[in-house]
Amino acid sequence: NLPNQVHRKSVKKGFEFTLMVVGESGLGKSTLINSLFLTDLYPERVIPGAAEKIERTVQIEASTVEIEERGVKLRLTVVDTPGYGDAINSQDCFSTIISYIDDQFERYLHDESGLNRRHIVDNRVHCCFYFISPLGHGLKPLDVQFMKAIHNKVNVVPVIAKADTLTLRERERLKHLLSEMIDEHGIKIYHLPDAESDEDEDFKEQTRILKASIPFAVVGSNQQIEAKGKKVRGRLYPWGVVEVENPEHNDFLKLRTMLITHMQDLQEVTQDLHYENFRSERLKRGGRLSSHGYILPLSPAYVLVCRLAFSAPPPHTLQNMKVLIKIYHGCQAQ
Amino acid sequence: VLDLAAVPDTVVSPAVYGEKTGGPVLDFSYVGIDAILEQMRRKAMKQGFELNIMVVGQSGLGKSTLMNTLFKSKVSRKSVLATAQEKIPKTVEIKSISHDIEEKGVRMKLTVIDTPGFGDQINNENCWQPIMKFINDQYEAYLQEEININRKKRIPDSRVHCCIYFIPPTGHCLRPLDVEFMRRLSKVVNIVPVIAKADTLTLEERDFFKQKIREELRANGIDVYPQKEFDEDAEDRMINEKIREMIPFAVVGSDQEYQVNGRRLLGRKTKWGTIEVENIAHCEFAYLRDLLIRTHMQNIKDITSSIHYEMYRVRRLNENNTTVAHANGVPEHHLTAHEM
C-alpha cells in the first residue's frame with residue numbers, strides 16, 4: 001500500500017514547478033502562459049517603448065501562482081526574461097539568464113548539504129520554453145547560441161510562436177527545417193520518454209502523436225469568441241476564427257498535454273541529469289558548501305515526500321485540465 | 001490593374017478672360033494654353049515612366065513575396081525561375097531587377113531592388129550600412145552623369161525613389177533596430193513603412209500597433225512619406241493627412257491564387273479561412289499599391305530628385321572645398337573622389 005500512502009501525502013503537500021520562458025519581444029509568450037494555465041500572471045503589465053528597450057538589459061522576473069484542482073495543489077513559478085533579443089547588439093543578453101539558472105542550482109546544492117533539510121525549496125528551473133519566431137527561415141544565430149548555452153542546464157522545449165501566421169504547409173516546412181537545424185547544431189532538446197510497455201494503448205498513441213509534432217506550433221489567446229454557435233478561446237480575424245484548442249488549427253493542446261503529463265519527468269531529468277551535472281562540476285571546482293563540509297544527496301522519493309505545505313491566497317482553479325501524476329517512478333527509486 | 005494613364009484634368013476656365021467685358025466670353029479670347037497638357041501627356045506616354053522601389057526589412061518578412069504581389073506580373077527576381085516552386089528562398093545580396101510593364105499604351109520601367117534581410121545576427125550594429133551605401137551609390141552615379149561635360153540626353157535614373165520598410169508584426173511597438181534603421185534611412189530616401197505579415201494581427205491589435213508606431217516615429221523625429229514639410233498646398237495636405245493617419249499600412253503578400261466565391265484571387269489559404277490580399281477588409285495592400293502607383297508615383301519621384309538628391313549633391317560638391325565631411329552618413333572611404 002506504499003504507493004497510495006506516498007500519493008496521498010504528496011497530494012496534500014502539493015507540487016512545485018518552475019517554468020522559464022525565453023524569446024524576443026512580441027512573440028506572444030505572456031499570452032501563451034496565461035492560456036496554458038488559465039490564469040493571469042501579468043495583471044499590471046506595461047510594455048516598454050523602443051527608447052526604453054535600448055536602455056534595458058535582460059531582466060529576470062519570476063511570478064508564482066498557486067493552482068489547485070481536485071485537491072491537487074501546484075505551485076507554479078514562471079520565470080520571464082524580458083529584454084532578451086531586443087537590443088541591436090544581443091551579445092551579452094543571456095549571461096543574466098544563465099546566472100539565474102546556476103544560482104538556483106547553487107542554492108539547492110547549499111540547502112541539500114545543510115544540516116536541516118526539512119525545508120528545502122526547489123526553485124530550480126525544470127523546463128524552459130524557447131520561443132521561435134514563425135517569420136524568418138528557421139533558427140537565428142542567437143537562437144542556436146542560447147539553446148546550446150543552456151541545453152546542459154535545463155530541459156529545453158522549443159515552441160513555434162504565433163503559429164497562425166503560417167499556412168499548414170508553411171508550418172510543416174518550418175517544423176522540418178527546425179528539426180534539421182536542431183540536429184545539425186547538436187542542440188539537445190527535451191525528449192519525451194517513450195511510453196512504457198505496460199501503459200494502455202491510448203497513452204502510447206498519445207505519446208507517439210506528441211513526439212511526432214515536435215516542435216509544437218502554438219497560438220495563445222485569453223479571449224472568448226463566438227464560433228459555430230459556441231464560445232471558444234481564439235483569435236477573431238476578418239477571414240475566420242483561429243481556435244486555440246482546436247488541434248487542427250495549432251498544437252496548443254499538445255503542448256499543454258505534454259507539460260502536464262510529463263511534469264514529473266521534467267523534474268526528474270532536472271534532478272538526475274542537469275542538477276547532477278552542475279553538482280559534479282561545482283564540486284570538482286571546489287569550495288565549501290556547508291558549515292560541516294558534508295555533501296549528501298537526497299533521494300528523489302525523499303524529496304517528493306518532504307514538501308512544505310504552502311499557505312497562500314485563495315488558489316486559482318483549472319478547468320478541464322487532466323492532471324496525470326506518475327508517482328511510481330519516485331517510489332520505485334526508493 | 002495599373003492605371004498609369006490617369007492624368008488629372010485641369011481646364012482653364014474661359015471666364016477668367018472675360019473679366020473686363022463682364023459678359024459671356026467668346027471663343028477668340030481663349031488662347032489654348034491648356035493644350036500643353038495633351039502634349040506633355042503624349043510625350044510621357046512615348047517616353048514611359050521609370051520607378052525604382054526598394055524593399056528593406058528583417059529576414060523572413062515577406063519582402064520578395066510582396067514585390068511579386070505588388071505588380072502581379074511577378075516582377076521579383078524569382079519570377080524568372082519556374083513558377084512551380086512555392087518556397088521563396090532567402091535573399092542574400094542586393095539585387096536590382098527591372099521589368100518593362102505596359103498597360104493601355106503606357107509603358108513603365110519598374111525596378112525592384114530586393115535587399116537581403118538584416119537583423120539576423122547576434123550583433124546587428126551597422127547592418128544598415130550596405131543599404132545606405134547602395135542608395136548613396138545611386139545618387140553618386142546620377143551626379144557623375146550630371147556633371148559630365150558631354151551629358152546624355154536622358155540621364156538613366158537608378159536612384160531609389162521609394163523605400164518600403166517592413167516592420168515585424170509584434171503588436172507591441174518598434175524595436176530599437178527598426179528605429180535606428182528608419183531614422184537613418186529617412187534622411188536620404190522616402191520611406192514608406194508597412195506592417196509585414198499583418199495576418200498575424202487582429203483588427204484591434206492592428207490599430208493599437210499602428211498608433212504606437214506613429215507615436216514612436218514622431219518621438220524619434222522620423223519623417224516618413226508623405227512628409228509634412230513637403231505638402232504643397234491645402235489640397236495636398238488634406239489628401240496626405242488622410243494617408244498619414246493610415247500609415248503604416250498593414251499588408252499581406254501572396255503570389256498564389258485561390259478560388260474564392262467563383263473568382264480567382266491572390267491570397268493565403270489556412271484552415272480557418274482564406275486571406276484575400278486585395279480585399280481591404282482583410283489587409284491594406286490595395287492602399288499601398290494605390291499610393292505607390294496610382295496616386296503618388298510622380299510626387300515620390302519629385303521629392304527624390306528635388307529634395308533628397310539635391311541634399312546629396314550639395315553635400316558632395318561642398319566636400320571638395322572643405323575637409324572631411326561625411327556625406328549622408330557613409331564613411332568617407334566608401335565614396336569615390338572626383339574632379340570637377
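Reader: How many residue pairs are in polar contact across the interface of chain A and chain B?
Author: The rule finds ten residue pairs in polar contact there, both residues being at pLDDT 80 or more. A polar contact is a pair of N or O atoms within 3.5 Å; within protein, one must be able to donate a hydrogen and the other to accept it, and residues adjacent in sequence count only if both atoms are side-chain atoms. This is a predicted model, in which local features need pLDDT of at least 70 and side-chain atom pairs count only at pLDDT 80 or more, while totals for chains, interfaces and linings use all residues. Residues are numbered from 1 along each chain as its sequence is written, chains are lettered from A and ligands numbered from 1 in the order in which they are written, and side-chain values use heavy atoms, with hydrogens and water left out.

Reader: What makes Glu248(A) and Lys271(B) a salt bridge?
Author: A salt bridge is a side-chain nitrogen of Lys or Arg within 4 Å of a carboxyl oxygen of Asp or Glu. For Glu248(A) and Lys271(B) the N to O distance is 4.0 Å, so the pair is counted under that limit. Across this interface the rule finds three salt bridges.

Reader: How much area do chain A and chain B bury between them?
Author: They bury about 3800 Å², 58% of it on carbon and sulfur atoms. Buried area is the accessible area (1.4 Å probe) that two parts lose on being put together, summed over both. Ile88(A), His137(A) and Trp239(A) supply 22% of the area that chain A buries against chain B, more than any other three residues.

Reader: Why is Val277(B) called buried?
Author: Buried means under 20% relative accessible area, exposed over 50%, and partly exposed in between (1.4 Å probe, protein chains only). Val277(B) has 0% relative accessibility, and therefore counts as buried. This residue is found in the loop between strand 9 and helix 7 of chain B; helices (H or I, at least four residues) and strands (E, at least two) are DSSP runs, numbered from the N terminus. Leaving aside residues up to four places away in sequence, Val277(B) touches several others, including Thr69(B), Leu266(B) and Phe285(B); contact means heavy atoms within 4.5 Å.

Reader: Are Glu180(B) and Arg184(B) buried or partly exposed?
Author: Glu180(B), with a relative accessible area of 16%, is buried, whereas Arg184(B), at 30%, is partly exposed. The two form a salt bridge whose closest N and O atoms are 2.8 Å apart. They are separated by about one helical turn because they stand four residues apart in helix 4 of chain B.

Reader: How do you know that strand 4 and strand 5 of chain A pair?
Author: Two strands pair if DSSP finds at least two bridges between them. Strand 4 and strand 5 of chain A have five bridges, in the parallel sense, with Cys128(A) opposite Val156(A). Strand 5 of chain A also runs parallel to strand 6 of chain A, and two bridges join them; there Ile160(A) stands opposite Ala217(A).

Reader: What makes strand 5 of chain A mostly covered?
Author: Five of its five residues are buried. Val156(A), Pro158(A) and Ile160(A) lie on one side of strand 5 of chain A, and Val157(A) and Val159(A) on the other.
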